[in-house]
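Take a look at the structure below.

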Amino acid sequence: MAIRPILEVPDPRLKIVSEPVTVFDDALRTLVADMFDTMYDAPGIGLAAIQIGVPKRVLVIDLQPEDPDAEPVACDHDGHHHHHQPTKREPRVFVNPVILDPAEELATYQEGCLSVPEIYADVDRPATCRVRYQDLDGTVHEEQLDGLMATCIQHEMDHLEGILFIDHLSRLKRQMALKKLQKLRQAA
Ligand code: NI
């Protein structure tokens, strides 16, 4: 397992349309393990394989990005030791995901992306959807999604088509976002 470099705009590889996974082998497991390592390290709540330069239709999501491996914080202000339990991870893997039945109703979330660091903007997307996907063994599953999970999977699905969340903004807002990113990089 390894943390791999995350591609950032304007890397042209982020515009690649990713290819379906056809072989469910150890190489796929290693890719997914590396994707989780990379996402947790960033930290982020979702990552598409193309964001580490692999044009395969694979997504990882964990809406609980807190680090459960962190040492519990001990506090003994009343003479006893209490441990604040860190958040439990909820790692999800989606191979060859397909979005079905997107709701007409839209939900707005302020989105960000590990490939567009430090930039956040409101994006409207269908509030609920179904996703059909395969797991690491190739077994097909279908699931109804809502809330942040519905938004997150649609954001990650976009990566598989070479689309970034800033592509959903008006041209002016997108240009402002990219200019801000450029300034932040120059200041770094
Ligand atoms: Ni993203």
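Donors are N, O and S atoms within 2.8 Å of the metal (3.2 Å for Na, K and Ca); water is not among the atoms, so sites may look incomplete. With that in hand, the donors of the nickel ion follow the spacing C-x41-H-x3-H along the chain. They are C113 (SG), H155 (NE2) and H159 (NE2), at 2.1 to 2.3 Å.

This is a predicted model, where local features need pLDDT of at least 70, side-chain atom pairs count only at pLDDT 80 or more, and totals for chains, interfaces and linings use all residues. Residues are numbered from 1 along each chain as its sequence is written, and side-chain values use heavy atoms, with hydrogens and water left out.

**The nickel site**

The nickel ion is coordinated by C113 and H155, among others. This pair links distant parts of the chain: C113 is in strand β6 (residues 106–113), H155 is in helix α2 (residues 147–160), and 42 residues separate them. Helices (H or I, at least four residues) and strands (E, at least two) are DSSP runs, numbered from the N terminus.

How accessible are single residues? Buried means under 20% relative accessible area, exposed over 50%, and partly exposed in between (1.4 Å probe, protein chains only).

| Residue | Relative accessible area | Class |
|---|---|---|
| C113 | 11% | buried |
| H155 | 6% | buried |
| C152 | 5% | buried |
| P10 | 73% | exposed |

The structure holds zero disulfides (pairs of cysteine sulfur atoms within 2.5 Å).

Which side chain of opposite charge is nearest to D62? It is R89, 5.1 Å away. Lys and Arg count as positive and Asp and Glu as negative; His and the chain ends are not counted. D62 is buried yet has no salt bridge, meaning a side-chain nitrogen of Lys or Arg within 4 Å of a carboxyl oxygen of Asp or Glu. D62 sits in the loop between β2 (58–61) and β3 (73–75). A polar atom of its side chain lies 2.9 Å from the backbone nitrogen of E90.

D135 lies in the loop between β8 (129–134) and β9 (140–145). D135 is also buried without a salt bridge, and R29, the nearest side chain of opposite charge, is 7.3 Å away. What are the contacts (heavy atoms within 4.5 Å) of D135, leaving aside neighbours within four places in sequence? They are F24, V95 and H141.

Definitions and conventions. A polar contact is a pair of N or O atoms within 3.5 Å; within protein, one must be able to donate a hydrogen and the other to accept it, and residues adjacent in sequence count only if both atoms are side-chain atoms. Contact means heavy atoms within 4.5 Å.
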